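Student: I'd like to go through this model with you, one local feature at a time. Could we begin with the backbone and then turn to the helices?

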Amino acid sequence: MSEYRNRIVDTILNDKLEAKGAVLIEGPKWCGKTTTAEQKAASILHMDNPTEKEQNLTLAKINPLRLLKGETPRLIDEWQLAPTLWDTIRYEVDQRSKMGQFILTDSAVPPDTKEITHSGTGRFSWLMMRPMSLFESGDSSGEVSLKELFSGNLDIDGENPNDIEKLAFLICRGGWPGSIDLKEKAALQQAFDYFDGVVKSDINRADGNNKNEERVKRIMRSFARNQGSQVANTVIANDILANDSSSINEDTVHTYIESLKKIFVIEDMCAWNPNLRSKSAIRTSDTRYYVDPSIAVASLGIGPEDLLNDLNTYGLFFETLCVRDLRVFAESLDGSVYHYKDNTGLECDAVIHLRNGKYGLIEIKLGSDTLINEGAANLKKLAEKIDTTKMKTPSFLMVLTGVGQYAYKREDGVLVVPAGCLRN
């Protein structure tokens, strides 16, 4: 068994166990939920253990408390196989009156909520887990810390370990823990197998309805082509018609995309709504993203060489990688990641906004001085529009790059940081 790689979410899990009786870890299949939970659990119940599954399901009906006995925190893995356990765990948390009693994980298949009568409010805490960031997989030096930036330390320095070829591989490999230590060919194959699993099985388990495999593929391909934009489902439907000559409508696209969201394959980004000095109308549509760039690459059937031969597509999927990492980092800082766009056409790729009101503005550019200058100008323009009498000034302005050897602060104060230097 390979050695466990520390995850940023480890600390978040510890904090949540100190604050609630039970923690539910959610996230895409194969992102490491069970392995991470096992590091903290004092006892474990695998509901899907083939030799015990029928016995476990029977006990869940006639004596569910028996399944909850064990050293705490007790991990209940694949708990959704017996949804009635939810109410039993809620009851047991109340009876014990202690924090950190249970950790629940599942395979990103929604439970049958008809068998759940209590929301879990006050007893459960929810934890979103995503594929590994570059820092967690060992592909970032971690010399630039977002926490330090939010603390006011903007004197950055760092060296990027990734060139344009290595970065293309990292985009296609993705942040799946099981692929990190594999040889290159085997590592790249994992994303294609993941895509096949979604198409053939996982998407059907989201709502129990069988879906047409070819239609799933077409929708996922179109979604990949439209990542990083605020396209409506009608646009995706029309894109499919233009590229695949297949009959499909907006309602079908909506149904399939909602299923992909339920199994955490898709994680769109909400719009940021700051106080502005101007009267610019803010666009509120979500920006489309896969939870990991490797899913997008696999859906299009391409690899690192294809990205290197098409820098526009490369840049698109690099943005998805950056959004994945920023979300992982922001979660540990009690923050969320948003996008900004207004009716003047001014955009900002990512805004990290913390609970305490601090925020940082980030433009994502693959590289080149021209693109960096363009991104910096954009950030300064947005910063000038924010009404700082009603909200804080930005903690930092950053151009997050793919290529480029060093992290540095420009004379105008804008930070230039390679993704291979960043950490939480």
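Student: Where does Phe264 lie?

Tutor: This is a predicted model, and in it Phe264 sits in the loop between H11 and helix H12 (293–300). Its phi is near 65°, a positive value in a residue other than glycine.

Student: And is Phe264 buried or exposed?

Tutor: Phe264 counts as buried, because its relative accessibility is 17% and the cut-off for buried is under 20%.

Student: Which other residue has a positive phi although it is not a glycine?

Tutor: Ser368 is one of them, with a phi of about 85°, and its place is in the loop between strand S10 (359–365) and helix H15 (369–385). At 42% relative accessibility Ser368 counts as partly exposed. As background, most residues other than glycine have a negative phi, and most peptide bonds are trans.

Student: On that last point, which residues does a cis peptide bond join?

Tutor: The cis bond is between Thr72 and Pro73, with omega at about 0°. Pro73 belongs to the loop between helix H4 (64–67) and strand S3 (74–77).

Student: Let's switch to helices. What is the reach of H11 from its first C-alpha to its last?

Tutor: Helix H11 (residues 250–262) has 13 residues and reaches 18 Å, which is close to the 18 Å expected at 1.5 Å a residue. Its buried residues are Thr252, Val253, Tyr256, Ile257, Ser259 and Leu260. Because these cover an arc of only 155° around the axis, they are on the same side of H11.

Student: What about H3, which of its residues are buried?

Tutor: In helix H3 (residues 53–62) the buried residues are Asn56, Leu59 and Ala60. They cover an arc of only 105° around the axis, so they too lie on the same side of their helix, H3. Glu54, Gln55, Lys61 and Ile62 are exposed on the other side of H3.

Student: And what covers the buried residues of H3?

Tutor: The cover includes strand S2 (43–46) and H4.

Student: Now packing: at what angle do H7 and H8 pack?

Tutor: Helix H7 (residues 164–173) and helix H8 (residues 184–205) pack at about 45°, with their axes 8 Å apart, which means that H7 is oblique to H8. From H7, Phe169, Cys172 and Arg173 take part, and they meet Glu184, Ala187, Leu188 and Ala191 in H8. By class, the contact has five nonpolar, no polar and two charged residues.

Student: One more topic, contacts that are not local in sequence. What does Thr36 contact, leaving aside its neighbours within four places in sequence?

Tutor: Thr36, which is in helix H2 (residues 33–40), is in contact with Tyr4, Arg7, Val9, Asp10, Leu13 and Met129 once those neighbours are set aside. The C-alpha atoms of Thr36 and Leu13 are separated by 9.0 Å, although the two residues are 23 residues apart along the chain. Thr36 counts as buried, because its relative accessibility is 2%.

Student: And Lys217, what does that touch, not counting residues up to four places away in sequence?

Tutor: Lys217 touches Phe195 and Val199 on that count, and Lys217 itself is found in helix H9 (residues 213–225). From Lys217 to Asp196 there are 21 residues in sequence and 9.1 Å in space, C-alpha to C-alpha. At 22% relative accessibility, Lys217 counts as partly exposed.

Terms used. Residues are numbered from 1 along each chain as its sequence is written. This is a predicted model: local features need pLDDT of at least 70, side-chain atom pairs count only at pLDDT 80 or more; totals for chains, interfaces and linings use all residues. Side-chain values use heavy atoms; hydrogens and water are left out. Axes are lines fitted to C-alpha atoms, for helices over the stretch in contact, and angles run from 0 to 180 degrees between N-to-C directions. Helices (H or I, at least four residues) and strands (E, at least two) are DSSP runs, numbered from the N terminus. Angles under 35 degrees count as roughly parallel, over 145 as roughly antiparallel, 65 to 115 as roughly perpendicular and the rest as oblique. Contact means heavy atoms within 4.5 Å. Ala, Val, Leu, Ile, Met, Phe, Trp, Tyr, Cys and Pro count as nonpolar, Asp, Glu, Lys and Arg as charged, and the others, Gly among them, as polar. The expected span of a helix is 1.5 Å times one less than its number of residues. Buried means under 20% relative accessible area, exposed over 50%, partly exposed in between (1.4 Å probe, protein chains only). The arc is that of the directions from the helix axis to the C-beta atoms.
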